[in-house]
Amino acid sequence: MRPVAIVGIDCRFPGAPDPAAYWDMLMRSGDGVEKVPRQRWDARDFHSRTGAEGHSNTTEGGFISDPDAFDNDFFTVSPREAAAMDPQQRLLLQCAWRAVEDAGVAPHRLAGTDTGVFVGVMGNEWAHLHMTDYAKVTPQLGSGNGYCMTANRISYHLDLKGPSLAVDTACSSSLVAVHLACNALLAGECDTAIAAGVNVALTPALGIFYTQAGLSAPDGRCKPFSADADGIGRGEGVGAVVLRRLEDAIADGQPVYAVIRGTAVNQDGRSNGITAPNRWSQQDVLAAAYRRAGVEPSDVTFTEGHGTGTVLGDMIEIKALGHLHAGRSGRPLALGSVKGNIGHAEGAAGIAGLIKVALSLHHKTVPASRFAAKENPALKLAKQGIRLLKAPLRLRSGSTIGGLSSFGMGGTNAHAVLESAPPYAARPEATEPEPGRAGQSTGSTGLGTGVFTLTAPSTAALRRNLLVQADAMERRRVPAGPLCWSSNRTKTGHRYRFALPARDTGELATALRETAADDDLLARLVGNPTGKPQVALLFTGQGSQYPAMTARLYLQSPLYRRFLNEADEALAPHVGGSVRELLLSGDEAVHRTGWTQPALFAVEYALASSLTELGVPPALLLGHSVGEYAAAVLAEVFPLEQAARLIAARGALMEQLPEGGGMLAVRAAHTDLAELVDAEPLVGVGAVNGPKATVLSGDLAALGRIDDVLVRQGVRTRRLEVSHAFHSPLMEPMLDRFAALADETGGGIPKLPVYSTVRGRLLEAEPMDAKYWTEHISAPVLFGDAMARLLEAGPTHLVEVGPRPVLTGMARALRSAAGAGVHSVAPVPGEEADGRAFAEALAELFRSGLEPRWDAVYPQEERQPQRLATYAFSDAHRFWARTPVRSAPAADIGVAPERADAVPAQPWDQAAANGRGAVLSAVPSAVEDPVARAVIEAVAEVGGYANDEVSRLSLLYEDLGFDSVMIMELKDRLQDRLTGLEAMSVQDLLPRLSSVGDLADYLQDRVGSAVA
Amino acid sequence: MQSEQPREQASSPPGPAATVSYLAAVGTALPGDPVDNATLARTLGVNEEWIDVFIGTRTRHFARDLETGEVRWSLADLCARAAEQALTASGLAPHEIDFVVMGTATPDHLMPATVNHVADQLGLDQIPTYQLQSGCAGAVQALQLGHTLVTGGGHKAGLVIGGDVCSKHLDLDRDLSAAAPSDLVNYVLFGDGAGAAVITSEPRGQRLALSGVLNRFTGLGREPGQVIDWFGLADRHDDRQAIREDYKAIEESVPVMAVEILWELLEDLDWTPEQVDFLLPPQLSGRMTRRIAEELGLPDAVEVSCVADTGNNGNALPFLQLEALLQKIGVGQRALAIAVESSKWIKSGFALEKI
């Protein structure tokens, strides 16, 4: 058999609410068995020490905590439907979600795939309790019960299109489900499979049966292979694993817990009675599994036995194992069973064993088997080549093989052979950077800072999960880069988006806590976008430069480094030096225009290219004066090399012009200055940055004369520190030489929308050619006009592409007219800017709805999957039978959603503790209108919601989980309540059913004012 | 490779082992921002120029905040950070780590040993851990034990860690303006930090072959060159100096010992001085290290030192040097590292070859 990888795990077993706690309990040889919780049934009513008829000989068993908690809002299941669902379905749903997340996959990404679901289940006690009162059978009860629905509900809520089935072979159900899942994967029926098992004890029936059959341990504990073994103790559990074909898991870089090498299933056939175990069939199934796995018995280091702890069961199991292992070479087979810790979890027993074996191989340690220290001498283990796991067995380096048995009461036996994950399964081929040249090769990625992301369907859920992540980070140190990258991959898909740049895991954990505790901070770091952002890139002009601009970013970010190096190489032949060296050395020469222009060009080219690589699609472009060069390269006007040549010449030619020119910023409309400017032939309008923001450019003496006049008039002016009078008549002497070169470099029509500051508007199929660039030199910069036109196009974000934010500030003044609510983003906020600032800009865009190309944020070596804490569901909502089972006839058992917000969370369940007191996302609103009130009441009644959980804004399908059955009922109730309502068919109603408010408005029209 | 040939002198005391292990990756952790001499001089009231000229160390890092005296990082924090970095860079999964060996002179507690807190932070369990109590040679001792465990101990990979938090003894309340140079030195020489390497039985990651390790006690009958004391409930009010050093003895002996270590390693490996491409000399202080490197006389070898920038942070030093070495060394090139612990005169060193 081809190997199958276990890539994701989630579970809840007695004494262990999650996989980490399960492992911890196993390693401590912990005991999950306790008194029967009063919520289930009153154990005293059914207890008889002697096992009298109709009674059980024990009051204990292994019970999971919080079986009633279900985050129905998360899955948009109405409270009424949730209350009618078998808790096994509810537990499986949450468990499956978490297992998929644990596999490093955002569950949304599986939607629509052929992923299969295979659930082992043998208990149907909820149905026994709720389907027998025929008068109270509702449609919800129908879909809430039945084995098939355990699997089908996972497929439904995760939108999985592969095989979906429940398996009942009694106690071997969930290992048989794993067997079927592996076969389906290997047959190509599905590419991912979720195999699960579940068992929740709601009635004392099976305990009474075990007692009556002489199989029940008086202390409620299985003591596998022990001299004290005296029968079965019942256990519960829910567990799910995500399976992939090993080659697929490796190709996708998924971490692997362990590998399933072979599985086999057979039957006792006509044995000594239908419930009696059959040694020959057991040894056959072991041999078949070994054969399928291609291993010899002596290759198997340890085995997780079925180990129910009944005298006969243990004996037969040892004999079957002994048949294959007696006389094996090397050390005897190490044997144990988790049933000693949690009891016999029946339908979930197989998955409990599978998860234990997978974790053992993963942690390279097989836990000790509880009660093994006092082994049953009658089993003659040594003779059978077997030893019990009396202490944890540390596995040797390299590969280890472990087995797992699960036998059904009716004779269906299953065995699986597992092996350690291959050493490099955790990561794809690592490439080795050449020493000293790390990060300089083409294709380098990384900002120097990761971005941690988390999404959730509500802010309360987000807050709860921020704390869960912080807890996990503080428990165990993992590198920040891989952690962030993994969060980008698995924690996506929900409405509320949190993002925070992070370089150190400890700092990140602290920040997550602070955010969860601070509403203002939370509001700042969380977005709830309705669409995708429309990004305008604004390329900054001269004056924004400074020594060592973006040097820190360059040193920290291989991605930025790659593009700045590209620009540097393109410029080098034309500038007689290295722009990169200029920037890194902090040379003041950056203020000489011969350097300023190519340096700004290089910085802006590298910033824009980095943004593009990071998946920020530039919808609109605008460059202020020289800023247009990098914008033009991005718009594919000309290639980098030609632009570099042209900008280098532009700078050099300008620098050669005699100094003595200057620029004067004037707080006045350019039309008001026309008279003054016309009087000075050596002065022109250099830039029109806004309705009352004009820059004059030209001869210094002439500017001085104008300045004097303006100051006398009380107009505010400011001298700009420039070496030359750009965009003025003084540029005239360089135009011919520049035009000659521009003819060579050419330039085409921009392929992205460019708002030209030469034309003051969007370029419409106009080339940015030699003529354009020549005109660009002395023409005024019409920033105000171009920016106003750009804002009219409705961008959501203005991103400043330059060494400091300048244009976004100028745009703010223009915004009132058009584009209020536009956000400014500065990847380089100033002189201290580094990788973190750039990462923050990206985080901001993510919060606003952008789906970045996250891989570009991280260097290759950081793109390693790390398992994150999986989603913490709310336990605020509880659904349970109204009364526990009593020995009296259970006629009064009903179903009711129970709002147990005040139920104290278990102390070990941090997630639950943190989630308590969280505010529900329902929007309370005073509803005065009687029709609307009637609609809300009817909707609440049908859905089983409290009235204040339903508002006009609630969406019937998306928020309240309505289905067609509920719609039928809603229509009837509405007609009961609204007597003045005209006759109405469901067909009439269907198109009106988006939000409660829409429905109310529609009914308002049909009712007029006549309301009952 | 030379080192795989059986050694002729079977009866000689244990020198470099005859088999090879590999360093797959190195990680380091320095707490906070570097503290320059101006800042240190201002805080402690000592002369900045004196530090520059006589110590030659430019910057160092402290786990304790110089302004507030608050302890911001424990040794375990620093070591775990360095180890995590090494582990991530190595490409090994955490469960492939079979053991942790750590060398330090300044554990967070006498019990539990800091190495166990480090393992805890890294999520490692059910594996042997070792903590070697030693000064500058501790890192090499840890390397030697790691080397032994992967070459003959049935293990495939382990973490070797070294680190020290010397700022425990940085008494910020003391006025040092009138202190004697021998006292002052203790305040300006040291720094805090940690380093770690993943050691493997097969070449992986950086594929740096550890061809030999030397670790030898040579202090029979000699007075310690350095003593760091610790105090308990019964003697905490004793007026003993926490750190004492015999700088004369150190200045005299360390260069001589360094030369002897160099030649012992070379001869054991059958390497000529010309075959050594990189030299990692003892890192006492910026000034002493320069002097020793000159006396070692390997003109063709590139010196890899860090102490001038990191301060003397004890067992972190060899890892900081290794990290710098990894940026430079090419396939087929060789490096020699030398460390001397002047407390009770321990000679240590190791030889590397990138394959």
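Colleague: Is B:Asp270 buried or exposed, and how does one read that from the coordinates?

Modeller: A residue is buried if 20 or more other C-beta atoms lie within 10 Å of its own, exposed if 12 or fewer, and partly exposed in between, with C-beta atoms placed from the backbone. B:Asp270 counts as exposed because it has 11 C-beta neighbours inside 10 Å. B:Asp270 also has a positive phi of about 60° although it is not a glycine, and B:Asp270 sits in the loop between helix 7 (247-269) and strand 11 (278-280) of chain B; helices (H or I, at least four residues) and strands (E, at least two) are DSSP runs, numbered from the N terminus.

Colleague: What should I keep in mind about the model and its numbering?

Modeller: This is a predicted model, in which local features need pLDDT of at least 70 and side-chain atom pairs count only at pLDDT 80 or more, while totals for chains, interfaces and linings use all residues. Residues are numbered from 1 along each chain as its sequence is written, and chains are lettered from A and ligands numbered from 1 in the order in which they are written.

Colleague: Where is A:Asp66 found, and what is its phi?

Modeller: Phi of A:Asp66 is near 50°, a positive value in a residue other than glycine, and A:Asp66 belongs to the loop between strand 3 (60-62) and helix 2 (79-84) of chain A. A:Asp66 is partly exposed, with 18 other C-beta atoms within 10 Å.

Colleague: Which residues does the cis peptide bond join?

Modeller: The bond joins B:Met111 and B:Pro112, with omega about -5°, and B:Pro112 lies in the loop between strand 4 (100-104) and helix 4 (114-122) of chain B.

Colleague: What is the strand order in the open sheet of chain B, and which strands stand at the edges?

Modeller: Two strands pair if DSSP finds at least two bridges between them. The open sheet of 10 strands in chain B has the order 5-4-6-7-1-8-14-13-11-12, with mixed pairing. Strand 5 (129-133) and strand 12 (302-303) of chain B stand at the edges, each with a single partner strand, so one side of each is left without a neighbour in the sheet. Strand 11 and strand 12 of chain B pair in the parallel sense over 2 bridges, and B:Phe278 stands opposite B:Val302 in strand 12 of chain B.

Colleague: How many residues does each chain bring to the contact?

Modeller: Two residues are in contact if their C-beta atoms, placed from the backbone, lie within 7 Å. The contact takes 19 residues from chain A and 22 residues from chain B.
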